[in-house]
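Please examine the sequence and the model below. The paragraphs that follow lead through the structure step by step, beginning with the sheet.

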Amino acid sequence: MRKLVYYVAVSIDGMIAGPGGEFDFYPEAPDMVEYLRAEFPETMPTHIRSVIGLEGVPNKRFDTVLMGKGTYKPALDEGITNPYAHLRQYVFSTSLGEIADPAVELISTDPLAAVRELKSESGADIWLCGGGKLAGTLLPEIDELVFKTYPVVAGAGIPVFAGELQPRPFAPADTRVFSNGGTVITYRPQ
């Protein structure tokens, strides 16, 4: 069975973005960027893949990406309707109305039911790209967390999980530390 993996950048105070969706405050380090490009090449948006030397690089782990409206909207604001053309793309929203690009499917019904159906299909793992509200809804179906934690405090913003209190224990399975003090930590349910 395919796994649902929440792979996301996180500040040390648990924010995935600022109050306005900002994410440009994460301090980059060359060794961390190189690791992420090598291990998760499919998580780089299609429109920058050729610029960063990933054009034609096959998907390594994921063949599907899930996004909430807030995660999809920055691409739309830049005129990009198909941000991950190399993946099956689903946007979960009850307010978006429609998506003009046929390569991106809008799901406005129960996210848990949709994810359970996707997980039952054959294929590679499913990447939960964001956001916090969608992650909070899908928490019961998450099989793995991969947090790229950056040594910065956002102070306010969109939390990594938003919604109802529903504690669920996870245990660290792998930790990588980089020159900027950032980490990539993989967690699995206990």
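Two strands are said to pair if DSSP finds at least two bridges between them. The structure shown here is a predicted model, and the pairing of S3 with S6 in it rests on five bridges, the two strands running parallel. Within this pair, Met-67 stands opposite Gly-130 in S6. S3 is also joined to S4 by five bridges, again with the strands running parallel, and here Leu-66 stands opposite Tyr-90 in S4. In general terms, the strands of a sheet pair through backbone hydrogen bonds, either parallel or antiparallel.

Tyr-6 stands opposite Leu-128 in S6.

At its start, a side-chain oxygen of Asp-110 reaches to within 3.2 Å of the backbone nitrogen of Leu-112. Which residues of H4 are buried? They are Pro-111, Leu-112, Ala-114, Val-115, Leu-118 and Lys-119. These residues cover an arc of only 160 degrees around the axis, which puts them on the same side of H4. They pack against S1, S3, S4 (88–92), S5 (104–107), S6 and helix H5 (132–138). The face of H4 turned away from this buried side carries the exposed residues Glu-117 and Ser-120.

Ser-120 belongs to H4, which spans residues 111–120. Why does Ser-120 count as exposed? A residue is exposed when its relative accessible area is over 50%, and Ser-120 has a relative accessibility of 54%, so it counts as exposed. A polar atom of the Ser-120 side chain lies 2.7 Å from the backbone oxygen of Glu-117. The C-alpha atom of Ser-120 is separated by 35 Å from that of Val-51, a residue 69 places away along the chain.

Which polar partners does its side chain have? A polar contact of 2.3 Å joins the side chains of Gln-89 and Asn-82, and the side chain of Gln-89 also reaches the backbone nitrogen of Tyr-84 at 2.9 Å. Not counting residues up to four places away in sequence, Gln-89 touches Val-65, Met-67, Asn-82, Pro-83, Tyr-84, Ala-103, Val-104 and Glu-105.

The next topic is the nonpolar interior. In soluble globular proteins, nonpolar side chains tend to be buried together. In this model, the largest nonpolar core has 27 residues, and those with the most contacts inside it are Leu-36 and Trp-127. The elements giving two or more residues to this core are S1 (4–11), helix H1 (30–39), S3 (62–68), S6 (125–130) and S7 (144–150). Leaving aside its neighbours within four places in sequence, Leu-36 is in contact with Tyr-7, Pro-41, Met-44, Lys-148, Tyr-150 and Val-184. A second, separate core of 24 residues includes Phe-92, Ile-126, Ile-142 and Val-160.

Gly-155 is placed between S7 and strand S8 (158–159), and at 61% relative accessibility it counts as exposed. Gly-155 and Gly-18 are 137 residues apart along the chain, and their C-alpha atoms are separated by 8.2 Å.

Note on methods: Residues numbered from 1 in each chain as written. Predicted model: local features only at pLDDT ≥ 70, side-chain atom pairs only at ≥ 80, totals over all residues. Heavy atoms only, no water. Helix = DSSP H or I, 4+ residues; strand = E, 2+ residues; numbered from the N terminus. Buried < 20%, exposed > 50% of the residue type's maximum accessible area, 1.4 Å probe, protein only. Polar contact = N/O pair within 3.5 Å; in protein donor to acceptor, adjacent residues only side chain to side chain. Core = buried A, V, L, I, M, F, W, Y, C linked by side-chain atoms within 4.5 Å. Contact = heavy atoms within 4.5 Å. Arc of directions from axis to C-beta.
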